[in-house]
Amino acid sequence: MNGEILIGMLHFVFAFFLCICLTNWWIKVAKRNKLEGKDMNKFSKPKIPEAGGIAVIISIVLTIMLYIFFKTFVLHSLTHLVEILTLTITMLLACFIGFIDDILGWKKGLSGWQKILVTIPIAIPLMVINAGESTMTLPFFGPVNFGLFYPLVIVLLGIIGATNGYNLLAGYNGLEAGLGIIIFSTLGIISLVTKQFWLVLIAAIIIAALIGFLLFNKYPAKIFPGDSLTYSLGALIACFAILGNMERATVLLFVPFIIEGILKARSKFKAENFGLPQRDGTLKQPYKKIYSLTHAILFMLNKMKKKTTEQNIVAALYILQLFFAIIALFSLAL
């Protein structure tokens, strides 16, 4: 156990510093190639390098490969190797599709239904290995065996929902990476409690890379994550739910994104999360109605006469995510 803890710590440090180096490199590459987007929550609308998720995902993948090397040649163990490789392939597919969306976004972009269609292939790796347990405990019904319906339909819907759902709540400096840190910290604790130590280490690697990226993405952001990160994190959350049999906790963690989806549906998914930036650095309501959690927080901050800055909105969403993380942890005892 002490050896596994040491290996875990080494991988955490490796992923953290690797992501810092790669993010710094990607900022220069993105600027050189004009892969930039406007920071819509700033009055001056500065151009910021986009698609920073590439640096995060490369860091995670390379660290996972290092972990597989240790398992194979040092620990002489092949346990969970299929699951680890499946998770890695799923993440790479999500990153690739998200990166394509990042690039196309400057010219045409993808419509809502197109984004759903293009995320279908992300589910294939989990489907073909028949990942997860087909028997699920449902309220009022108890244990139900879904058979082939689980890998062919439930897994597919879970991947599509998580991938696109995580992408809905975005657009503020430090938001996507910060929420990811909270979610994967919770999933890592659940994995530790359920003694799925390989998932604990994967969660630690993801968290380390996200912390490294957050150093550049926090307010004022030097780089944006792009769909290459949001798609990947959504897919990884679904992987943890399926491979770790923690669907109930994951649904609880995903409540803010479900609420976001419901609010966005009111505008037929046409409304943006951004506020209207003012010269003094505050934000105002962009619409008369509330079409996002960010709009709801803006409304509440105004009512409480608190400063409606981008930092305060992100902090409020962190607190909301922490609230559901605590509920997810308590659900383990039920």
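Contact, as the word is used here, means heavy atoms within 4.5 Å. The model is predicted: local features need pLDDT of at least 70 and side-chain atom pairs count only at pLDDT 80 or more, while totals for chains, interfaces and linings use all residues. Residues are numbered from 1 along each chain as its sequence is written, and side-chain values use heavy atoms, with hydrogens and water left out. Helices (H or I, at least four residues) and strands (E, at least two) are DSSP runs numbered from the N terminus.

The account begins with a pair of helices. Two packed helices are described by the angle between their axes and the distance between the axes. Here axes are lines fitted to C-alpha atoms, for helices over the stretch in contact, and angles run from 0 to 180 degrees between N-to-C directions. Helix α2 (residues 53-74) packs against helix α3 (residues 81-104) at an angle of about 165 degrees, the axes lying 11 Å apart. This angle makes α2 roughly antiparallel to α3; angles under 35 degrees count as roughly parallel, over 145 as roughly antiparallel, 65 to 115 as roughly perpendicular and the rest as oblique. The crossing of α2 and α3 is left-handed, a term that applies if the near helix is turned anticlockwise from the far one by less than a right angle, clockwise being right-handed. On the α2 side the contact involves I54, I57, I60, V61, I64, M65, Y67, I68 and K71, and on the α3 side L81, I84, L85, L87, T88, M91, L92, C95 and F99. The residues of this contact comprise 16 nonpolar, one polar and one charged. In this classification Ala, Val, Leu, Ile, Met, Phe, Trp, Tyr, Cys and Pro are nonpolar, Asp, Glu, Lys and Arg are charged, and the others, Gly among them, are polar.

The loop between α2 and α3 contains H76. Phi of H76 is near 50 degrees, a positive value in a residue other than glycine. H76 counts as exposed because its relative accessibility is 65%; buried means under 20% relative accessible area, exposed over 50%, and partly exposed in between, with a 1.4 Å probe and protein chains only. A second residue of this kind is N245, which is not a glycine and has a positive phi of about 50 degrees. N245 is placed in the loop between α9 and α10 and, at 39% relative accessibility, counts as partly exposed. Most residues other than glycine have a negative phi, and most peptide bonds are trans. The peptide bond from Y219 to P220 is cis, with omega near -10 degrees, and P220 lies in the loop between α8 (197-217) and α9 (227-243).

A further packed pair is formed by α6 and α11, at an angle of about 75 degrees and with axes 9 Å apart. The angle makes α6 roughly perpendicular to α11. G165, Y166 and L168 of α6 make the contact with F257, E260, G261 and K264 of α11. By class, these residues are three nonpolar, two polar and two charged.

Helix α11 (residues 255-265) includes K264. K264 counts as buried because its relative accessibility is 4%. Leaving aside neighbours within four places in sequence, K264 is in contact with L168, F269, A271, N273, Y291 and S292. The side chains of K264 and N273 are joined by a polar contact of 2.6 Å; a polar contact is a pair of N or O atoms within 3.5 Å, where within protein one must be able to donate a hydrogen and the other to accept it, and residues adjacent in sequence count only if both atoms are side-chain atoms. Also buried in α11 are V255, P256, F257, E260, G261 and L263. The cover over the buried residues of α11 includes α6 (149-168), α7 (175-193), α10 (247-253), α12 (293-303) and α13 (310-330).

Another buried residue is T119, with a relative accessible area of 0%, in the loop between α4 (112-118) and α5 (124-128). A polar atom of the T119 side chain lies 2.8 Å from the backbone oxygen of I116, and the T119 side chain makes a polar contact of 3.1 Å with the side chain of N164. Beyond its neighbours within four places in sequence, T119 is in contact with I159, I160, T163, N164 and Y231.
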